[in-house]
Amino acid sequence: MDVRRVVEIWNPSARSVGTGYLVADRLVLTAFHAVAPGEAECEVRALAGGSWAAAELLWPETPPDLDRAPRADAALLRVTASEWAPLAGEPVRWGGFDPGAPAGREEEERIACLAVGFPRAEVRDDIRDTKQIAGHVERLTGLKSGLFTVHVDRVATPSRGGPGAGSADPGPSRWAGASGAALFARGHLIGVLTEDRARDYEADQLRAVPVAALADLPGFTMALKASGVRFALADLADLREPDAPGTRTAYDVGVPRGMNNLPEPPSRHFVGRQEVLAGLARALSAADGPRARVIHGLGGVGKSTLALHYAYDHRDAYSLVWWIRADSPDLITADLAALAQRVRGERRSGTTDDEEADWATGWLQAHPGWLLVFDNAERPGDVHAVTGQLRSAGRYVVTTRYRHGWHAEPLALGVLDEESSLTLLTELSGDHGSDETSLLAEELGHLPLALEQAGSYVGRTGTSVSDYRALVATHPARMADAAPDGPGATDRTVARVWGVTVNQLVRQSPDSADVLLLASWYAPEGIPRALFAPLVGDAMLVDEAVATLADYSMITVNGPTFSVHRAVQWMGRTQVAEDPQRPGERIAELKEMAFLLLLKHFPEDPTDVRAWPECAALLPHVEALLDRLPPAEDGGLMVLLLHRAATYLLEQGSSAQTLRLCERLVEVAERVEGELDPITLAVRGNLAIAARRAGDPGRALLLEEKSVADHVRAYGPDDPRTLRAKGGLAAVWLEEGEVRRGAALEAEIHAGLLRSLGPDHVDTIVSLGRLAHAHSMLGEHERNRDLCEQAVERCLRIFGPDSPRTLLHRVNLASAHDLAGDAERSVTELRQALADCVPVLGAPHDTSLLARENLAHLLARLGEFAEAVDLFAEVDELTARRYGPESHRAVRTRATLERARARLESVATADGAADETGPGRGGGSPAPDARGISTDE
């Protein structure tokens, strides 16, 4: 199965959604009921995203009677949009089996199968996401009907919102939207999913039409043949069962050519290596040449620089270029895991780095034509554990200090020749070819790293080359030009060279030294220079210190931020016993200062959108500091910093990253503050939210239940803090489809807050808004409107007309009128709410955006397309300004605007013939109505 061929289907006439599968470049196989009625005006959208594309029904020519012939529930759509981009790949393989034939083995009665669809259960924030549907076909079920019964038993199945199995009304199917998904078994397309058997069973059994049955229907194979599709059924009995049916394979996703994670652009100071670089390129590009090169030599000789120049210059020649830190097996695993995440666009929930790395190795085996760079490898065996599996699939380059033990062509990289060394020193120091320069180059062993730093120091400070030679002589820093005998020898030599520069900074520019040593505790890149003003005095002094460090080539400046080489950072965090300029006490002080500066600068309110850019800039440094500080050293202030960082991540909708941070936060809070401390109880709520976002509702439920129990222990069952904790539990239930249970708990919470705090307390009013939302989810729109009216009345009386809370509840009430059937009143109140929001909150504020977008959708539904398009354009521009043009919200609003414009054009062409635009299809919701009710305050 090629998941890239999975498409979403939108039926504007029925306002319904479905799933399809591209069996040819422009031919989509789906369920007939997903495109009927109105099958002549369907639209499809590729899994990779983009705009909806028009499609027309190609087959069947006559609508089937599905009540009498359920095996005819299939359709072929032809994509007619000119902008549709075809997908490369192997032809679809078709398969089937004779259900009545002897199975031969008991296990053959259950055929493992796999499908991917867009069920209603996977809608989040109006975005339809995919759901893996893995299980088995019950071979002996449906012998008379000729339909497959698919038992979903290899993945989590969604719950339903209605009564249980066997009920006359099982409620809406949580599988809705997956109709039309292609069913695969043993690598062959065997059927089309059509029905949820929830009326007869729990929500884990689906029905599918076999493709073998479609072959008997008039016109099906002819339609395939006309589109260039060869239809030949393979007998599954003759095919071997995959080792791991129902799991994702390495064949499911490709990447754009040239995708890479190269750490930085190559340095412009690149001398004496052109011939070696050209030879490396010739060797790796030859069809019959070696598939690997091991670049070995001294530390600091430029191995990584050479590899980076090659990878950067030839990145478009490879399908993928991936840089792997090979200092240890753990780092190799982590970077392969990062590759898996980049290829898939996400990290699978609950997997370890080892499992992700194994997936990446399989993907590389199946997608040849890549280049891997294993940088700074310490031991051949660490790299061979990966490359031994990949020898014939791509190319790889290894940089290492070790010469022996490699199973690849060696490339010994020596130090620079004298002429190149002098050129480099001269470019950096400004000393044009003096005898002292030649002597310094020789004393430094022509090692590029040492030459760069020494030349930068001399050029910046004006120190003579002879004086610098004397400084080097006091730290026996001459480096051998041969390969080291063992690990660590070259590091010690390079450390002495760095030590000369750092210690000179301590004496002549203490601010610069402190900035460098303190920055050693942060992430290597993107270090904001504004962090250091409290350290050195003011911003001007920071600028001078940064300029000094950049001139020494100790850092790389990029506008308001700078980066530090990781080896320099390692030295800055390490005490050298014989170094009086950097005693252990000073290093400890700077470590503490690094933490306090992050705490000082990290915004106190990470929920404020205006603070998000600063939060994003500081978050990598919070994570780096956590990596470098053992949890045992975390104290109460660390709880505060982690809480801010976790809150920001939750605002961004992160998952695995947020979960790891919240786990450490809870661990520290429990140890430092105690199990029932208010801070500990509060941060557990963040962990529950993170678990929910990471796709682990079971863990979230356990955390919320524990939170409620702990609040009861700490405060009693009726304390407002306990009631607020219950709100998290209610949210889990509502999100997981237990709407009535969640609504009942929300009602209990609100009643408790009424008793304890009274109707006018802010917590009670917030609870009232959440309760209104719960009733809206139940379809009780009149009750929703009544509660919204109560919320607005209280907000006006307590907070006044210009309060953000008042304005938010007014927008909710205006939208509630529409849900209750009073569209005209909704239009009037949305217009007034929008007019009142903008002067107070600003046009880009969430509440203003909500009012504007809801008004646009409502006007479009009422046929006022011209004004709706204008409003959608305003929403698009404001959303891009607030969240960034590539954020998921901006992408959604942009797609909505494009559809609205297209609809306006079609209406104008039809001389005013009106039809609905299908508001909300940008998110692919099964019930595409974008009238929003917000509960966020």
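Predicted model: local features only at pLDDT ≥ 70, side-chain atom pairs only at ≥ 80, totals over all residues.
For this talk, a helix is a DSSP run of H or I that is at least four residues long, with numbering from the N terminus.

In general, an α-helix has 3.6 residues a turn, so residues three or four places apart point the same way. The side chains of Glu-793 and Arg-797 meet in a salt bridge, at 3.0 Å from N to O. Glu-793 has a relative accessible area of 41% and is partly exposed; Arg-797, at 47%, also counts as partly exposed. Elsewhere, salt bridges with shared partners join Glu-670, Glu-675, Arg-684, Lys-706, Asp-710 and Arg-713 into one network.

The salt bridges come to a count of 31. One of particular interest to this talk pairs Glu-8 with Arg-45, with 3.2 Å between the closest N and O atoms. Glu-8 belongs to strand β1, residues 6–11, and Arg-45 to strand β4, residues 42–46, so this pair ties together parts that lie 37 residues apart in sequence. Are these two partners buried or exposed? Glu-8 is buried, at a relative accessible area of 6%, and Arg-45 is buried as well, at 8%.

A further salt bridge links the side chains of Asp-719 and Arg-721, at 3.0 Å from N to O. Here Asp-719 counts as buried, with 18% relative accessibility, because the cut-off for buried is under 20%. Arg-721, at 36%, counts as partly exposed.

I turn now to the helices. Which residues of α13 are buried? They are Ser-512, Ala-513, Asp-514, Val-515, Leu-516, Leu-517, Leu-518 and Ala-519. Helix α13 spans residues 510–519, and eight of its ten residues are buried, so the rest of the structure largely encloses it.

Next, consider the pair α28, residues 823–841, and α29, residues 846–861: their axes come within 9 Å and cross at roughly 150°. The two helices are therefore roughly antiparallel. The crossing of α28 past α29 is left-handed.

Finally, the surface. Leu-596, Leu-637 and Leu-640 make a nonpolar surface patch of about 230 Å². Of these residues, Leu-596 lies in helix α17, residues 584–601, and Leu-596 counts as partly exposed at 33% relative accessibility.

Note on methods:
Residues numbered from 1 in each chain as written. Heavy atoms only, no water. Buried < 20%, exposed > 50% of the residue type's maximum accessible area, 1.4 Å probe, protein only. Patch = residues over 30% accessible without salt bridge, like charges linked within 9 Å, V, L, I, M, F, W, Y side chains within 5 Å. Areas by Shrake-Rupley, 256 points an atom, 1.4 Å probe, with all protein chains shown as cover. Salt bridge = Lys/Arg side-chain N within 4 Å of Asp/Glu carboxyl O. Axes fitted to C-alpha atoms, helices over the stretch in contact; angles between N-to-C directions. Parallel < 35°, antiparallel > 145°, perpendicular 65-115°, else oblique. Left-handed = near helix turned anticlockwise from the far one by under 90°.
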